[in-house]
Amino acid sequence: MFNSAEHHPAFEEYCECIFELHEDDLDVIQARIGERLQVSRASVSQMIEKMSKAGLVKTDASHITLTSEGQELAQQVVRRHRLAERFLTDILGLSWANAHQEAGKWEHVMSNEVEVAINRVLGGPTTCPHGNPIPGSSYIDPHAVPLSQLQSGSDFTVSRIPEELEFAPGLLDFLQESFMLPGRRGHITSLQNDGSISVEIEGRVIGVSAFASARILVTS
């Protein structure tokens, strides 16, 4: 199993961020990394230079990609984060938002032994609570599409709440409280001119913003 003991937590944070931006099909540029990690452009530039020297990233024009070593480190951090989220929600009963915050701490201190034990206790889950795949699991891509691509009157099943939405203040709590959970069935009741969508799910009609509906992944 990959050993990240020699890497500083900041390197882990950046590798994780780059991995997740790529996973969400977003261009990995310094400005977007800075926005996600809430640090200055200058700080990102300095860190990317250090990571390049450490063999974790490579840059091509303005785009940033992980090397094989950086990808391996990122997958370990993301796997531990998502396993921790699953443990914190399924076993300890924390909310999505609280679990996301706590998992951000666990991912840097979890040992290989604890990772294996949590995975065993949880029965080898393939996704985090939000439906995002756990690296190294037996996850099968359901080929989901954004909610915004469906027509009014369509039925859907929630598949994934991508990482980008986990960083939107208050959105995780709203989605959890509204039962927009992976595996839940819903129905589009209307499409609004501003791009937002009204959906009925678990007997309730809620409004999903244009920002969220363009990113929430569903299957028909």
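## Cysteines

A search of the whole structure, which is a predicted model, finds zero disulfides. A disulfide is a covalent bond between the sulfur atoms of two cysteines. Here it is taken as a pair of cysteine sulfur atoms within 2.5 Å. For cysteine 15, the closest cysteine sulfur belongs to cysteine 17 and lies 10.0 Å away, too far for a bond. For cysteine 128, the closest cysteine sulfur is again in cysteine 17, at 16 Å, which is too far for a bond.

Cysteine 15 has a relative accessible area of 0% and is buried. Cysteine 128 is also buried, at 0% relative accessibility. Buried means under 20% relative accessible area, exposed means over 50%, and partly exposed is in between, with a 1.4 Å probe and protein chains only.

## How the model is read

Residues are numbered from 1 along each chain as its sequence is written, and side-chain values use heavy atoms, with hydrogens and water left out. In this predicted model, local features need pLDDT of at least 70 and side-chain atom pairs count only at pLDDT 80 or more, while totals for chains, interfaces and linings use all residues.

Two packed helices are described by the angle between their axes and the distance between the axes. Helices (H or I, at least four residues) and strands (E, at least two) are DSSP runs, numbered from the N terminus. Axes are lines fitted to C-alpha atoms, for helices over the stretch in contact, and angles run from 0 to 180 degrees between N-to-C directions. Helix H1 (residues 9–23) packs against helix H4 (residues 68–90) at about 85°, and their axes are 8 Å apart. H1 is therefore roughly perpendicular to H4. Angles of 65 to 115 degrees count as roughly perpendicular, under 35 as roughly parallel, over 145 as roughly antiparallel, and the rest as oblique. On the H1 side, the residues that meet H4 include Phe11, Cys15 and Phe19. Their partners in H4 include Leu73, Val77 and Arg82. Contact means heavy atoms within 4.5 Å. The residues of this contact of H1 with H4 comprise seven nonpolar, four polar and five charged. Ala, Val, Leu, Ile, Met, Phe, Trp, Tyr, Cys and Pro count as nonpolar, Asp, Glu, Lys and Arg as charged, and the others, Gly among them, as polar.

H1 also packs with H3, at an angle of about 100° and with axes 11 Å apart. H1 and H3 are therefore roughly perpendicular to each other. In H1, Ala10, Phe11, Tyr14, Cys15 and Ile18 meet residues of H3, among them Val44, Met47 and Ile48. The residues of the contact of H1 with H3 are nine nonpolar, one polar and one charged.

## Salt bridges

Side chains of opposite charge can pair when their charged atoms come close. A salt bridge is a side-chain nitrogen of Lys or Arg within 4 Å of a carboxyl oxygen of Asp or Glu. The search of the whole structure finds 10 salt bridges. One of them joins lysine 53 and glutamate 49, at 3.6 Å from N to O. These two residues are four residues apart in helix H3 (residues 41–53), so about one helical turn separates lysine 53 from glutamate 49. Lysine 53 is exposed, with a relative accessible area of 70%, and glutamate 49 is partly exposed, at 45%.

Arginine 82 and glutamate 163 form a salt bridge at 3.0 Å, N to O. Arginine 82 lies in H4 and glutamate 163 in helix H7 (residues 163–166), so the pair ties together parts that are 81 residues apart in sequence. Both residues, arginine 82 and glutamate 163, are buried. Glutamate 202 and arginine 184 meet in a salt bridge of 3.3 Å, N to O. Glutamate 202 lies in the loop between strand E6 (197–201) and strand E7 (204–208) and arginine 184 in the loop between helix H8 (171–177) and strand E5 (185–191), so this pair ties together parts 18 residues apart in sequence. Glutamate 202 is partly exposed at 45%, as is arginine 184 at 26%. Salt bridges that share partners join Glu23, Arg82 and Glu163 into one network.

Threonine 157 lies in strand E4 (residues 155–160) and is buried, with a relative accessible area of 16%. Not counting residues up to four places away in sequence, threonine 157 touches Gly183, Arg184, Arg185, Leu217, Val218 and Thr219.

Serine 198 is in strand E6 and is buried, with a relative accessible area of 16%. Serine 198 and valine 208 are 10 residues apart in sequence, and their C-alpha atoms are 6.2 Å apart in space.
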